[in-house]
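This report describes selected local features of the structure shown below.

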Amino acid sequence: MSLIDDARGLLASGPLCDACLGRPVADRSFGLTNAERGRALRTTVALADDEPYEEPDGDCWVCEGVCGRFEALAERLLDALGDTELYTYQVGTRVPPLLAENGRLLREEAGLAPDAGEELKTELNREVGRRVGARLGAEVDFERPDVQFLLDLDADAVEVQRNSVAVYGRYRKLERGIPQTEWDTYDESVEELVAPPFLSALRGTDATFHGAGREDVDALMLGAGRPFVLEIKRPRRRDADLAELRAQVNDGETVAVENLAFVSYEMVERVKEHDGTKTYRATVEFDEPVAEREFEAALAELDGAEIDQRTPHRVDHRRADKIRERAVLDADGDLEDDRSAVVDVHGEGGLYIKELVSGDDGRTEPSLAGLLGVGATVSTLDVVDVEGADEPFLTAEYRRERAGSPATAGDE
Ligand SMILES: [Zn+2]
């Protein structure tokens with residue numbers, strides 16, 4: 001059958017708007033709306049048959065008038081957006097089953113394939129979406145838009161989903177006795193000390209703190225700090241002055257944040273899963289006097305060594321007892337007096353430092369205590385640095401630097 005025959009078949013099914021007439025041939029030609037396709041078909045049939053041209057009267061049996069309301073539907077989404085900023089958006093539509101069924105009936109009556117052209121839902125997403133984007137001056141993003149609109153024509157409702165903003169940074173913990181995330185036993189946590197200014201500036205509903213591992217509650221986190229991502233959920237703002245937020249957090253002098261950057265949501269997984277190496281500073285007490293020369297020799301032995309570690313005694317006994325091999329990348333230290341020392345160890349992720357010092361009753365081999373032949377224990381253990389093993393945690397592909405100011409529905 002020719003295109004004109006298809007058009008005759010579609011028109012014979014009942015009163016149709018231009019968009020519903022054009023939609024079953026939406027796969028033909030580019031750069032036209034379905035309404036333009038429909039109008040062209042209607043005109044062509046009138047000319048071919050030399051019949052008077054009749055404008056559609058608005059009572060379309062397929063869409064029941066939805067296609068005449070793209071502008072009004074876009075307006076409704078913008079109203080629902082309220083005072084929310086965004087750079088990117090996406091529109092999804094739920095079409096009432098009755099209208100979807102009408103689309104199938106239309107094709108059946110015209111003798112077309114059940115999936116000819118495109119679905120009403122697809123056209124609504126595009127046409128309403130286009131109008132929303134034009135009004136906002138925002139870009140469509142099919143992956144992870146800032147705002148996801150759901151136009152539910154079935155329930156006659158609109159939903160606006162605001163996706164999280166992710167902020168990367170490194171934190172330093174300058175006091176002992178602070179867990180990384182909220183914990184009933186403690187008055188404050190790194191999360192609680194960092195999140196509030198961000199939550200308030202980005203006007204989110206809540207925040208989640210994702211750390212690249214965590215130090216002991218009683219360990220300090222020093223040096224360049226530990227990578228983290230702060231996820232601000234359902235934000236109404238998309239931009240903030242990170243230097244100002246850093247200053248607000250660092251004012252407290254309990255934790256400090258550095259290297260702040262807006263990042264893509266993938267950075268949450270990245271900080272949790274990227275292999276890191278860590279540098280620790282341990283204060284060590286010896287059971288008997290230790291000579292400088294022996295201390296230096298023992299550290300030289302550990303420097304660069306592969307360490308066999310059975311699961312430490314102190315670790316949860318439900319965890320399987322296995323031997324793991326972890327490298328000491330660098331070991332250094334100073335004897336304070338003959339009974340105590342400060343030791344810096346840069347080790348592969350997963351290296352247990354307390355056991356590297358004590359030997360853990362022979363479960364860690366070699367160890368500082370084993371090499372010296374003197375009992376040794378760690379009295380304080382702080383983390384000095386956390387670095388990506390193969391590449392830095394934050395690389396260009398995770399940065400999310402966006403041009404200009406975010407859009408809002410209030411902009412004209
Ligand atoms: Zn229609």
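**Burial and conventions**

A residue is termed buried if 20 or more other C-beta atoms lie within 10 Å of its own, exposed if 12 or fewer do, and partly exposed in between, with C-beta atoms placed from the backbone. The model is predicted, so local features require pLDDT of at least 70 and side-chain atom pairs count only at pLDDT 80 or more, whereas totals for chains, interfaces and linings use all residues. Residue numbers start from 1 along each chain as its sequence is written. Helices (H or I, at least four residues) and strands (E, at least two) are DSSP runs numbered from the N terminus.

Arginine 37 is part of helix H3. Because 22 other C-beta atoms lie within 10 Å, arginine 37 is buried. Two residues are in contact if their C-beta atoms, placed from the backbone, lie within 7 Å; setting aside residues up to four places away in sequence, arginine 37 touches Gly22, Val25, Ala26 and Leu32. The C-alpha atoms of arginine 37 and cysteine 20 are separated by 9.6 Å, with the two residues 17 residues apart along the chain.

Glycine 129 belongs to helix H6 and is likewise buried, with 21 other C-beta atoms within 10 Å. From glycine 129 to phenylalanine 149 the C-alpha distance is 9.0 Å, at a separation of 20 residues in sequence.

**Helix H5**

Helix H5 comprises the 13 residues 97-109; at 1.5 Å a residue it should span 18 Å, and its end C-alpha atoms are 18 Å apart, which agrees. The expected span is 1.5 Å times one less than the number of residues. Within H5, Asn102, Gly103, Leu106 and Arg107 are buried. These residues cover an arc of only 130° around the axis, which puts them on the same side of H5; the arc is that of the directions from the helix axis to the C-beta atoms. An α-helix has 3.6 residues a turn, so residues three or four places apart point the same way.

The buried residues of H5 pack against helix H1 (3-11) and helix H6 (120-136). On the face turned away from the buried side are the exposed residues Pro97, Leu98, Glu101, Arg104 and Glu108. Glycine 111, with a positive phi near 70°, follows H5.

**Packing of H7 and H8**

Helix H7 (residues 190-202) packs with helix H8 (residues 242-250) at an angle of about 145°, the axes being 9 Å apart. Axes are lines fitted to C-alpha atoms, for helices over the stretch in contact, and angles run from 0 to 180 degrees between N-to-C directions. In this contact, Leu193, Val194, Pro197, Phe198 and Ala201 of H7 meet Leu245, Gln248 and Val249 of H8. By class, the contact has 7 nonpolar, 1 polar and no charged residues, where Ala, Val, Leu, Ile, Met, Phe, Trp, Tyr, Cys and Pro count as nonpolar, Asp, Glu, Lys and Arg as charged, and the others, Gly among them, as polar.

Aspartate 50, in the loop between helix H3 (34-49) and helix H4 (70-81), has a positive phi of about 50° although it is not a glycine. Aspartate 50 counts as exposed, with 6 C-beta neighbours inside 10 Å. Arginine 234 also has a positive phi, near 45°, and is located in the loop between strand S7 (221-233) and H8. Its 16 C-beta neighbours inside 10 Å make arginine 234 partly exposed.

Glutamate 365 and proline 366 are joined by a cis peptide bond, with omega about -5°. Proline 366 lies in the loop between strand S13 (364-365) and helix H12 (368-372).
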